[in-house]
Amino acid sequence: MSELINITINDKAFEVPKGARLIDVCRDKGFDIPSFCYYSDLALQASCRMCLVRIEKMPKLQTSCTIICTDGMVVTTQSEEIEKAQRGMTEFLLANHPLDCPVCDRGGECELQEMTFDWGGLEERFTEKKNYAAERYLSPMVANDPQRCILCKRCTRVCDEWMGEDAIEAGGRGAHTVIGTYMGWLDCSQCGNCIEVCPTGTLLDGTYRHQTRPWELSQTISTCNFCSDGCQMSLGTRGGELKRVVARDRYVNGINGEFLCVKGRFGHPFVNHEDRIRTPLIRYKKGGKLIPTTWDEAIRHVAGKLDAIANDHGRNAVGVVGSPRLTNESLYVLHKFATELVGTENFTTTDAFSLRSFFANLGGPLATHRDIRHAKTIVLIGGEPEELQPFTGKQVRQAVRNGGAKLVVINSVRIRLVEQAAQFLHVRSGSEESIVLALAEAGSDSLAAQKAGIEASQIAAVRDLVANSAGDVVVMFGGEIGADAQAVLAQLTASLTKPEGARILLHPLPLYNNSVGAHDMGMDSGLAAVQMLDAAGGEIKALYMAGGFLPSQLEGREDALSKLDFLVVQELFQNETTAHADVVLPAASYAEQDGTFTNNDGLVQRVRQSIDPLHQSKPDWVITAQLAAELGLDFGYQMSASSVFREIGEKIPGYAGMRYPVLKDESNPVQAKHQISSDPVASQLSALRQRVENLPDTGEKNYTTIRVGHELFKIGGLTDKVPQFHLLASGNPRPETTRVSPLYQITVDGSIAKASVSGD
Amino acid sequence: MSTPVKIQPLSQPVELNVAPATFSPAVEAEIDRHLAKYPVARSAILPLMFIVQRERGYLDPAGVLYLANRLNLRITDIWEVATFYSMINTQAVGKYHIQVCKTLSCKIRGAGTITEHCAKKFGIKVGETTADGRFTLSEVECLGSCGTAPMFQLNFDYHEDLTPEKVDQILDALP
Amino acid sequence: MQIKAIGCEPLQLRRVHLGNSQRLDVYRANGGYEALKKVLNGMSPDDVINEVKKSALRGRGGAGFPTGMKWSFVPKDSPKAKYVVCNADESEPGTFKDRYLMERDPHMLIEGMLIAGYALASKTGYIYTRGEYKYLIDIMDLALEEARAAGLVGKNILGTDFSCDIFTHTGAGAYICGEETALLSSLEGFRGHPRMKPPFPAVSGLYSSPTVVNNVETLTAVPDIINMGGEAYQKLGTEKSGGTKLWSVSGHVNLPGVYELPMGYDDMEKFIMEDCGGMLNGKQLKAVIPGGSSVYIMRADQIIGKDVRMDYEGLVAAGSSVGSGGFIVMDETVDVFESTKNLTEFYKHESCGWCTPCREGTDWLVKVFKRIADGDGRPGDAQLMLDLCDNIEGKSFCPLGDAASWPIQSAIKRFPEDFRKRLVNTE
Ligand SMILES: Cc1cc2nc3c(=O)[nH]c(=O)nc-3n(C[C@H](O)[C@H](O)[C@H](O)COP(=O)(O)O)c2cc1C
Ligand code: SF4
Ligand code: FES
């Protein structure tokens, strides 16, 4: 609690923290201050001149966004003089504005429109010719109507400060200033945050042009179903269709503020895609066709087959596999089905890598994204958050740029975050774990350095940085870190020396929206999905899957699935896995059900039903429960997700006491209490030392330059259904004209759609 | 203190698929001299733009790419700066750029007649370039020759106390 | 084109008529670099600043801020590098004095910057010259080479342990880059947008280090202040406005040019009618803009028979200000509506576009001027323009907005007839 000072606003006295910004204070105390360019945690602009106030003993009106409160300050926020000035600014902004609200996608959500409306009684004195500027597309995702721009430059600042891309800027001068890019085509990660923060209809969602009026959409707050950051978002739906996704603070106020990435913001059209599987399907004989059937028939068929196989070959002959995209509810019920009903040891998830060993040895709390933003030292071992967990990437960037944090990047390639790094340890690919070893035991510095192809002093320097950190330390790691190294890393909280009062927080970087939840619900048995495939036809005769395998997992194992006696898959779309399935069951997407995801902070966040399940689809846990009932075990959830979650709150220690009502406010999320362990990791440490010693100490380093989007734009099972992503995946070519969407100009040939999958 | 010739991976317009411009060792040395003046390479952006313009006629995509590499900046950084300054041309201009000062002191001493005379002489309007690409005619703001009005700047040369006759002498004598 | 002193011995213009006046040897043969010697042998930085304070020298760039005081704001103890930046962007319409100082006497500027550098413990100086003045940059570069070769610029100047290097820098066509913070943005390689003040450049300027930005004429005054002593220099002028001032005279006079007058020269009428050779073709004086386009325009009857004193206080009393000393004389043939339109077009063209009122306001005002000029004036237009100016003045991010409104406000107030006759009802 910082020192308090006295200030007077509109004749009322207040105590405010020293160093507080006047505009924030006024608003906090309930005095409305209009503004356009001010945006908290972005560089000051002070250009819109809307936030004018009168401060005693100061000449002329002052912009409250630039004033730091001082003791005894006397402020007036409302007077004739101030209103005239503010109306004057609005009038200036409207002078060249097209006033085409009726055809503007931002109509009803536009800050300029609202401000004008609130003033009321605005006579239009501008009778001159307006400076015309034509509408255009800046990319498949971003549409642009330059004439509506008020040059608050929020867009250029988020592009630079949040994304570190600086892809969109102001060109020209004076009245001819225009937001854009060189040659008018936007080559960036297409996050669309510029659209989000735009107070007017200047930057527009290119996938939502003239779809609905914003006020016709019903807004449902939910959690993103792509990466493990768990951004909060508002699903805009109308007539059973998901029309758009925003993080606009008027609807939703989550950990991510108004931030979203290209997938979260533009990846949603898969939900209503025509290729969604519509009914249960049965393939009565191998090699035959999948034939539509009823739910009753399908459930009966599956139950019969699984029962028979379990009886003939033993319980372990039935494998159960769940996707880390499912809700905690579905994964919990699936785990219960596998362990309590089938009683098999062969169950797991299709996740790309396991965090089992990390959580088993967790030595300290998980870092929240807030912790990351305010951390003073960040050590990133492997991983590439700016492409795989973009919100984490943004938090790291801002911690460095706005918070003065020191970033250490340990990676085999020069990822983009290196631009913010105080230290970059460019290691040989595959040698990331050696640094974990060295950080845990200084004795191994030279060994690790030799294997990684760096100087031992560089590792010592990292240790010093941590030891002298000005505040909390966050250690992040990606999929390069294996089981033994994960255990050792999880105990760095103990093995690293840190300054008084500073905490060492851990932040895993799994790839999926519910990777952590899948672990917490017990589905991460330690078996890798590929092990299941390799056992297919051998120990495992039947697979019951909620979500198919990743193409990368099937690679080189093409015939594994056909070796199974019986394969059941719950899916949204047909894919390589359903191609071999004997029964395919239509699953509901995240937008069609209630539930929870647990993100890489350990935050348990709500997923809310925004539309009815499409066609005959059902939430995965409902299907599993019906199957269980058919097999004679009634889980007794009366078809309500909240009752499933209540059971999770009772059975899963880290979730003790959680209920949906406890999770209802997305602005203060609840963190799962993962068990903290201080058990020694000596065995894993020596195992790790062995692994490191066996690493080659020769070999070229990777010097390829990372292009923005190289992971984000890879086509996955869901983004495959969004044509715009195929344009991005094929290099975001500039169309003939930028006046119409490139979608109508460039036909994406199917081969691009087959690009490999990662992270999605 | 020259910076590595490496393109920042970000924000490189996809359709900018031209090779960066290249310059003679003499020009490169001149560029190095400018870079050496400043603790931060970016400070040299305007001097370098003038050099690229001198060498290539205007700041073309290849020139933009060269600057991005040389200063280790993003293409948008070059673009936002180039379009702010009225002396940086992102479009081609004539071999001879006639810039008549139109601001008050010149105006009241007859700048208008000088502009008209040039326009008539070449049959072009202000802002246009002659078909043969030799002359571009512009009106510009105060050039600091108010005491010797009217005047124009021909490329970088000041010509002052102008009369139509004097204009003819100057322009007709050009190679 | 006249270049001469009136009512005082030429000080700044002392050398301009010598042959090869821009050469080092000529400069030295005529007292050049003596002040630098004097400073390096026996004056402390504070001594220098005190002399400048005593001289009552006020910034010649337009704001007229006391130079000595500005220098004293630079934190001596700051570990950061400190910079001296010469503002040679000279773009204020009607102003062309800096140009002749640099063209004829470049070493005087170099010496002034070196002394400033010594006073502020600065090792680096930049001369930011408007891009159109390319030939001046070449002259300055030559002079700097001469000075470097002679050990006057660079390491261990004149064998002392004082080192200071000076470089030229080019602008590229942007009036706003004359505003000191915009100049610094531009010098750092960015768009020429002004920056927030505070922090002031003296505390956090170029590369966020302590920086003093001074106009050419301000810096060229420094050697003489050191040579003759601050008091003596101040006595050349008045108590609050010390020394002499260069006036760039243009428009309808017989002898336009650069005139050096003592501060407080006591009769503007005489200055126009005699010193500047009187009105061109014997026409009647109608209006004068005495301090560059950004100051209030004056009516003839505010000047004729009014003994207007030509210094900061005198001109304010007479209803305008010194500004940059760009003295524009207009005769009866000038239509003040037209002249104001011309200047408003200038400000619109030069508005950097950062802030709403200046960007949109100047654009709007130009449109109104054009419409009126096209014969579609309306009775309410004068009021409208005044109200728009009021919404710009004092609301803009930097003073350019104010500079754009003052000419209009004063023109409408002082020459209503030139507007009224156009604002007839078109219905
Ligand atoms: C719009 C604007 C344009 C300016 N142009 C110039 C200029 O061309 N030359 C100059 O010396 N000062 C100019 N100034 C004043 C500078 O901001 C600054 O006050 C001056 O360079 C300080 O030097 P001085 O104290 O020696 O006058 C301008 C100010 C503004 C607001
Ligand atoms: S007043 Fe505003 S727009 Fe005008 S020059 Fe200054 S900052 Fe730029
Ligand atoms: S919010 Fe203060 S100027 Fe824009």
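Reader: What is the relative accessible area of Arg689(A), and which word describes that value?

Author: The general idea is that a residue is called buried under 20% relative accessible area, exposed over 50%, and partly exposed in between, with a 1.4 Å probe and protein chains only. In this structure Arg689(A) has a relative accessible area of 27%, so Arg689(A) is partly exposed. Before we go on, note that this is a predicted model, in which local features need pLDDT of at least 70 and side-chain atom pairs count only at pLDDT 80 or more, while totals for chains, interfaces and linings use all residues. Residues are numbered from 1 along each chain as its sequence is written, chains are lettered from A and ligands numbered from 1 in the order in which they are written, and side-chain values use heavy atoms, with hydrogens and water left out.

Reader: With which residue does the side chain of Arg689(A) meet in a salt bridge?

Author: Side chains of opposite charge can pair when their charged atoms come close. A salt bridge is counted when a side-chain nitrogen of Lys or Arg lies within 4 Å of a carboxyl oxygen of Asp or Glu. Here Arg689(A) meets Glu441(A), with N and O 2.8 Å apart. Arg689(A) belongs to helix α23 of chain A, whereas Glu441(A) sits in the loop between α13 (432-440) and α14 (445-452), so the pair ties together parts that are 248 residues apart in sequence. Helices (H or I, at least four residues) and strands (E, at least two) are DSSP runs, numbered from the N terminus. Glu441(A) is buried, its relative accessible area being 18%.

Reader: How many salt bridges does the structure hold over all chains, and which residues are linked in a network of them?

Author: Over all chains there are 90 salt bridges. One pair is Lys721(A) with Asp275(A), at 4.0 Å from N to O. Lys721(A) lies in the loop between α23 (682-694) and α24 (723-729) of chain A, and Asp275(A) in the loop between α6 (262-266) and β14 (281-283), so this pair ties together parts 446 residues apart in sequence. Lys721(A) is buried at 12%, whereas Asp275(A) is partly exposed at 38%. As for the network, salt bridges link Lys107(B), Lys286(C), Asp335(C), Glu338(C), Asp418(C), Lys421(C) and Arg422(C).

Reader: Which residue forms a salt bridge with Glu141(B)?

Author: The partner of Glu141(B) is Lys102(B), and their closest N and O atoms are 3.3 Å apart. This pair links distant parts of the chain, since Glu141(B) is in the loop between β2 and β3 of chain B and Lys102(B) in the loop between β1 (96-101) and α5 (104-107), 39 residues apart. Glu141(B) counts as buried at 9% relative accessibility, and so does Lys102(B) at 18%.

Reader: Which side chains of chain C place a polar atom by an oxygen atom of ligand 1?

Author: A polar contact is a pair of N or O atoms within 3.5 Å; within protein, one must be able to donate a hydrogen and the other to accept it, and residues adjacent in sequence count only if both atoms are side-chain atoms. Polar side-chain atoms lie 3.1 Å from a ligand oxygen for Lys70(C), 2.9 Å for Asn214(C) and 2.6 Å for Thr218(C).
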